[in-house]
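Trainee: I have a structure open that is new to me, and I would like to learn how to read its features one at a time. Could we go through it together?

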Amino acid sequence: METRIAVIAIVAESRDHIDEMNRVLSAYGEYIIGRMGIPYPKKGVSLISVAVDAPNQTISALTGKLGNIEGINVKTAYSKA
């Protein structure tokens, strides 16, 4: 199956649901290339970027599950290739 590379940007507005977010990311671990998190205590948020190589359907499913978690905002940028 053909895959695409994408970067998922996550803004976690509270720590209340971080465990749930991590469980979702863990379930898709085979598709994750890398992950970087930056806590920003001054504003009470965490900024997380996740690079993935996966089929379109898988990326959509992952971002959908993340976006349904309270306090988590998600946007995805796809490569053209």
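Trainee: Across which strands does helix α2 lie?

Mentor: Bear in mind that this is a predicted model. In it, helix α2, which covers residues 56-67, lies across β1, β3 and β4, and the helix runs at about 160° to β4.

Trainee: What is the order of the four strands in the open sheet?

Mentor: The general idea comes before the case: strands of a sheet pair through backbone hydrogen bonds, either parallel or antiparallel. Here the four strands form an open sheet in the order β2-β3-β1-β4, and the pairing is antiparallel. Because β2 (32-40) and β4 (72-78) stand at the edges with a single partner strand each, one side of each is left without a neighbour in the sheet. On average, and with direction ignored, neighbouring strands of this sheet are turned by 15° against each other.

Trainee: Which strands does helix α1 touch?

Mentor: Helix α1, made of residues 18-27, packs on the sheet and touches β1, β2, β3 (45-54) and β4, while its direction makes about 165° with that of β2.

Trainee: How many bridges join the strands β1 and β3?

Mentor: Nine bridges join β1 to β3, and these two strands run antiparallel; within this pairing, Ile8 has Val50 in β3 as its bridge partner. Strand β1, residues 4-12, is also joined to β4 by seven bridges, again with the strands running antiparallel, and Ala9 stands opposite Lys75 in β4.

Trainee: How many residues lie between β2 and β3 in their hairpin?

Mentor: There are four residues between β2 and β3 in this hairpin, and Gly44, which sits in the turn, has a positive phi of about 70°.

Trainee: At what angle do the axes of α1 and α2 cross?

Mentor: The axes of α1 and α2 cross at roughly 170° and come within 10 Å. An angle over 145 degrees counts as roughly antiparallel, which means that α1 is roughly antiparallel to α2. The contact is made by Met21, Val24 and Leu25 of α1, together with Leu62, Lys65 and Leu66 of α2.

How values were computed:
Residues are numbered from 1 along each chain as its sequence is written. This is a predicted model: local features need pLDDT of at least 70, side-chain atom pairs count only at pLDDT 80 or more; totals for chains, interfaces and linings use all residues. Side-chain values use heavy atoms; hydrogens and water are left out. Two strands pair if DSSP finds at least two bridges between them. Axes are lines fitted to C-alpha atoms, for helices over the stretch in contact, and angles run from 0 to 180 degrees between N-to-C directions. Contact means heavy atoms within 4.5 Å. Angles under 35 degrees count as roughly parallel, over 145 as roughly antiparallel, 65 to 115 as roughly perpendicular and the rest as oblique.
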